[in-house]
Amino acid sequence: MNAMRNKVQLIGNVGQEPEIKTFDGGKKMANITLATNEYYTNDKGERVEQTEWHRITAWGKVAEIIEKYVDKGKEIAVEGKLTHRSYEDKDGNKRYITEVLANDILLLGK
């Protein structure tokens, strides 16, 4: 059962060009946004699309795959875990971020 704890799986489209950072020693980090869409019928019988945006962070080999093969609009599947962190911005305000720390990626579509 441990493998099922804090596991996130998403399929969606990349919202912007990946942001890649290379650190000392060559280790890479990639940040992307992923849009997932859900559809439902409202009480008037109209079909409604709801889009959720997710922040995805990847390190190492997964970041290298994103750098080489992922562009804005590409459909991908991501598996990882949900993480939360906070920081202080330049004005001293505390900011909170929720993101998916990706440990696997699958390229879909064309």
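Which residue forms a salt bridge with Glu-99, the closest N and O atoms being 2.8 Å apart? The partner is Arg-85. This is a predicted model.

Glu-99 sits in strand β6 and Arg-85 in strand β5, which covers residues 75-88. The two are 14 residues apart, and the pair links distant parts of the chain. Arg-85 has a relative accessible area of 38%, so this arginine is partly exposed. Glu-99 counts as buried because its relative accessibility is 8%, under the 20% limit.

Glu-99 also meets the side chain of Arg-55 in a salt bridge, at 3.1 Å from N to O. Arg-55 is partly exposed, with a relative accessible area of 32%. Together, Arg-55, Arg-85 and Glu-99 are linked in a network of salt bridges. Side chains of opposite charge can pair when their charged atoms come close.

The whole structure holds 7 salt bridges. One of them joins the side chains of Glu-67 and Lys-28, at 3.0 Å from N to O. Glu-67 belongs to helix α1, whereas Lys-28 belongs to strand β3 (residues 28-41). They are 39 residues apart, and the pair links distant parts of the chain.

Lys-28 is at 17% relative accessibility, so the lysine counts as buried. The limit for buried is under 20%.

## The nonpolar core

The largest nonpolar core has 17 residues. Those with the most contacts inside this core are Leu-34, Ile-56, Ile-66, Ile-76 and Val-78. Two or more residues come from each of β1 (8-14), β3, β4, α1, β5 and β6. In soluble globular proteins, nonpolar side chains tend to be buried together.

Take Ile-76. Leaving aside residues up to four places away in sequence, Ile-76 touches a list of residues that includes Leu-10, Ile-11, Gly-12 and Val-14. Ile-32, Leu-34 and Val-70 are also among the residues that Ile-76 touches.

## The aromatic pair

The count comes to 1 aromatic pair. The rings of Phe-23 and Trp-59 have centres 5.6 Å apart and planes at 25°, so the pair is stacked. The limit for stacked is under 30 degrees. Phe-23 lies in the loop between β2 (19-22) and β3, and Trp-59 lies in strand β4. They are 36 residues apart, and the pair links distant parts of the chain.

## A nonpolar surface patch

Ile-65, Tyr-69 and Leu-107 make a nonpolar surface patch of about 260 Å². Ile-65 lies in helix α1, which covers residues 60-69. At 33% relative accessibility, Ile-65 counts as partly exposed.

Definitions and conventions: Residues are numbered from 1 along each chain as its sequence is written. This is a predicted model: local features need pLDDT of at least 70, side-chain atom pairs count only at pLDDT 80 or more; totals for chains, interfaces and linings use all residues. Side-chain values use heavy atoms; hydrogens and water are left out. Patches are made of residues with over 30% relative accessible area and no salt bridge: like charges are joined within 9 Å, nonpolar side chains (Val, Leu, Ile, Met, Phe, Trp, Tyr) within 5 Å. Accessible areas come from the Shrake-Rupley method with a 1.4 Å probe; for residues, only the protein chains shown count as cover. A salt bridge is a side-chain nitrogen of Lys or Arg within 4 Å of a carboxyl oxygen of Asp or Glu. Helices (H or I, at least four residues) and strands (E, at least two) are DSSP runs, numbered from the N terminus. Buried means under 20% relative accessible area, exposed over 50%, partly exposed in between (1.4 Å probe, protein chains only). A nonpolar core is a set of buried Ala, Val, Leu, Ile, Met, Phe, Trp, Tyr and Cys residues joined through side-chain atoms within 4.5 Å. Contact means heavy atoms within 4.5 Å. Rings of Phe, Tyr and Trp (its six-membered ring) pair if their centres lie within 6.5 Å; planes under 30 degrees apart count as stacked, over 60 as edge-to-face and the rest as tilted.
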